[in-house]
Structures are given as C-alpha cells and as structure tokens.
Amino acid sequence: MPTRMVYVRRAAQVVTAAGASLRPKRGAEMSELGIIEGGSVITRDDRILFAGPDEEAQRVLAAAPEDAEVEVLEAEGKLVTPGLIDPHTHVVFAGSREFELPLRLKGAAYMDILKAGGGILYTAEQTRAAEEDLLAAETRRRLDRFLLHGVTTVEAKSGYGLRLEDELKQLRTARRLNAEHPVELVSTFMGAHAVPPEYKGDPEAYVRLVIEEMIPAVAEAGLAEFCDVFCEEGVFTPEQSRRILEAGLARGLKPKLHADEIVPYGGAELAAAVGAVTADHLLQASGEGIAAMARRGVIAVLLPGTAFFLRKPPADARRMISAGVPVALATDRNPGSSPTESLPLIMNLACLGMGMTPEEVLAACTINAAHAVGRASRIGSIEAGKQADLVLFDAPNVTYLQYHFGVNLVDTVIKRGVCVVRDGRRAGA
C-alpha cells in the first residue's frame, strides 16, 4: 500500500505539549505548551512524522517516498492541538434521567435521589435490561458527539451493572466500540459504584462479591486496565475502598478513586496511600489530602461540569496546582450528574469558573489526561513518533478557545492519521 501522509500547513499556532511523556505537567509546567507560531505538522500513516516551522516541513515532504499520497490541510488562522482526551466518563449505559432535573431544581440532593432508588440505581436497572447491541448503539451515538467536539480518546467506566454478568456486558461493549469507532476507549472496572438493591441490607457482602468474583473475572477476561471505587459517605467507606483497590491491584488493575465529592471523607489521602493513578472530583478534598497527592504524584481529575450541573462550588484547582498536584480535566459523562459530551465546555468552565489559565486547561485535556489513562507515551502531545491524533480549531490562539465560550470551534479531527471530522462534520457523513 502507498504511504499515506497528511500535511497540516501553516497553522496560526501548533500546540505540541511536548516533553512531558515521562510524567505529567504540574505547577508552572502546565503553562508551558511548546507553541509553534505559524507551524506545520506532517503525519505518516498513523504516526506523527514532523512538527515545526513550515520551511522545514517542506523539506521533509520533498524527501517523502515517491508513492506517498499527501493530503494537504490548509490551517492558516487555525489552532492545532493534540487530540483531546477525556479521562473520566461513564459513557456505556442505557436510558436517560432528564426526569431528575426538576427534582434537583426543587432542592433534592444527589444522595437523596440515590437513597430513594434513583440515580445510579435507576440507570443500573436500564443497563441490566438492555441487550448488548442496544447498549452499543446508545453508546456509539455518544462517542460520535465526543468526536465532533475534538475528543479522540475516552476512559469508559463500568458500574451500571452492579452484578457480574452486567458489569462484564458493559466492559465487553467498551471493547467492541474501541475496535469499531474512531474514538479510542480505555476501560475501567467500577463494580463498586453503588450498593445494588439486593445488597441494601448487607453492603459488606457486596464488597466481598466485588473482591472475590467480579475483579478476578474482569482481570481474567482482560476487560479493564483500571479499578475505581466511589468512596463516599453512604456508598463505600475508605476501609472498603482500600480493600477493593488493593484486590484490583493484586490482579493487575491500576487504582483510581472517586474521592471527596460530596463530603470530606479522606478520599484524597486514601488515593495517595494506595498509589492511585488518579483521584477524581475532589470538591471537598482536605489540605492534607492535596499535599499527600502532590507527594505521591496522584493526578487530580477535576470535573467542573458535574459541579455546574449539581449547582455546587467546583474543586479548588488553583490550590491543587499551587501545591504541585498534576491536574487533568474530564466531562464525567453520565446520565445523572453530567450529561454532556462537550469537553470544550468543560474547558470553558475550568477557565471561567475555576480560575485555570487557558494554557493550564489545554495541558489538562491533552498530556496530563493522557497520563491519567496510562497513554502518555503514545498520545497527548504532538511529537515525532507519537500517534497522529490532532484537532484543528477555528481559533487563532490558545486563549481564544476559552474567550469564545459555549460553542464548538472544532473544524477538523484526525485520528491515527485519518481525517474523521471535516468542517465540523463526520467525514463521509
């Protein structure tokens, strides 16, 4: 087959986010994006071949194989970034929960809805009842929207099955869509998302089920890379969460943690103690927990869309960045507390609502997010040899992405060297 090349020519800015593949950016490093003014990018097959001044790009092209098929994308006036990465989603589920919105507007709290059998438990009912083909079809539509918003990789958690066969069904669906859809999925097992109704009177028995049956089955089938727990008052205690995460780690599943979302609960401290890859939410994280995360290098995955939808103050991003905690951003796409596939909106909320700078926001959605899903050696920056995942925004610079808020500025998306979105629409659609 002939060599396939894409030449992204003379962009207003190319954001490389280079030089942070060994560890995530933290502190002042999050503002160092490696921007090339008037730069060009060349891909070869599914890899990045070159990123730099256009004069050098032309010399690289002149040395291309004679059979090379070169597609030229004029990028004048546009911003080129690595493909966006969403490191925290619950994207594989069935059904919808818009009926909860009026309840929330009347003052019902998240935990009130959950304790009444709504929330996660309602989605679990819908997901349990869904055939795998239906589950895949509903998830595929969500991935389409992610792609249109510049997202080329997502983490996908289970946790709406809450029994072995349905947790495996969710994870099999994620694996299937990873093979079928341009968006790359990274799977996380989260059987400890809630205590199902059948174990309401004996949550400890459910913890044993997760540890003794679910984790071994998931690991044996190779269906997940990570294990996550909802460590929260009224859900799983820090002691239960530690046992689950350590059981997962013993089976090769790297730990993540939903931590300190609703009340201060020691989640950030636990994430540091078990060496979690990420601690997520962190709206109520203590100063001691933040300091412990900084020492252990635990990535804070912040979810401002969830705080916005639940009408709560967001996590203290500035405090975490100042403390040296690496920060990533995610949609938390789920049917109850963050029903959005717009990572650019999350970026807007992080900048305008949490005080992160435009540069920090972009680092959080590219290279730091790549570290949060264990892919930083392959994606998250524009560097020779890395996977050719790129986004062209209809924006002249990094700041404009946050200045022109609330709209989708994505023009072109390239995944593994193939244009999958053109002029803001799915290619071939």
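Contact here means heavy atoms within 4.5 Å. The model examined is predicted.

By this criterion, Pro238, Ser241, Arg242 and Leu245 of helix α8 meet Leu270, Ala273 and Val274 of helix α9. The residues of this contact divide into five nonpolar, one polar and one charged. The axes of α8 and α9 come within 11 Å and cross at roughly 30°. Because angles under 35 degrees count as roughly parallel, α8 is roughly parallel to α9. The crossing of α8 past α9 is right-handed.

Helix α9 also packs against α10. The axes of α9 and α10 come within 7 Å, with a crossing angle of roughly 20°. These two helices are therefore roughly parallel to each other as well. Their crossing, however, is left-handed, whereas that of α8 and α9 is right-handed. On the α9 side the contact is made by Ala268, Glu269, Ala272 and Ala273, and on the α10 side by Glu288, Gly289, Ile290, Ala292, Met293 and Arg296. Six nonpolar, one polar and three charged residues make up the contact of α9 with α10. Ala273 takes part in the contact with α10 and is also among the α9 residues that meet α8.

Helix α9 spans residues 267-274 and is mostly covered, with six of its eight residues buried. The buried residues are Gly267, Ala268, Leu270, Ala271, Ala272 and Val274. Their cover includes the helices α8 (238-250) and α10 (287-296), together with the strands β11 (226-231), β12 (254-259) and β13 (278-281). Of the buried residues, Leu270 and Val274 belong to the contact with α8, while Ala268 and Ala272 belong to the contact with α10. Just after the helix, Gly275 adopts a positive phi of about 70°.

Elsewhere in the model, seven strands form an open sheet with mixed pairing, in the order β3-β2-β7-β16-β17-β18-β19. Strands β3 (35-37) and β19 (425-426) stand at the edges, and each has a single partner strand, so one side of each is left without a neighbour in the sheet. Within the sheet, β17 (residues 410-415) and β18 (residues 418-422) run antiparallel and are joined by three bridges. Ile414 stands opposite Cys419 of β18.

Technical notes:
Residues are numbered from 1 along each chain as its sequence is written. This is a predicted model: local features need pLDDT of at least 70, side-chain atom pairs count only at pLDDT 80 or more; totals for chains, interfaces and linings use all residues. Side-chain values use heavy atoms; hydrogens and water are left out. Buried means under 20% relative accessible area, exposed over 50%, partly exposed in between (1.4 Å probe, protein chains only). Helices (H or I, at least four residues) and strands (E, at least two) are DSSP runs, numbered from the N terminus. Axes are lines fitted to C-alpha atoms, for helices over the stretch in contact, and angles run from 0 to 180 degrees between N-to-C directions. Angles under 35 degrees count as roughly parallel, over 145 as roughly antiparallel, 65 to 115 as roughly perpendicular and the rest as oblique. A crossing is left-handed if the near helix is turned anticlockwise from the far one by less than a right angle, and right-handed if clockwise. Ala, Val, Leu, Ile, Met, Phe, Trp, Tyr, Cys and Pro count as nonpolar, Asp, Glu, Lys and Arg as charged, and the others, Gly among them, as polar. Two strands pair if DSSP finds at least two bridges between them.
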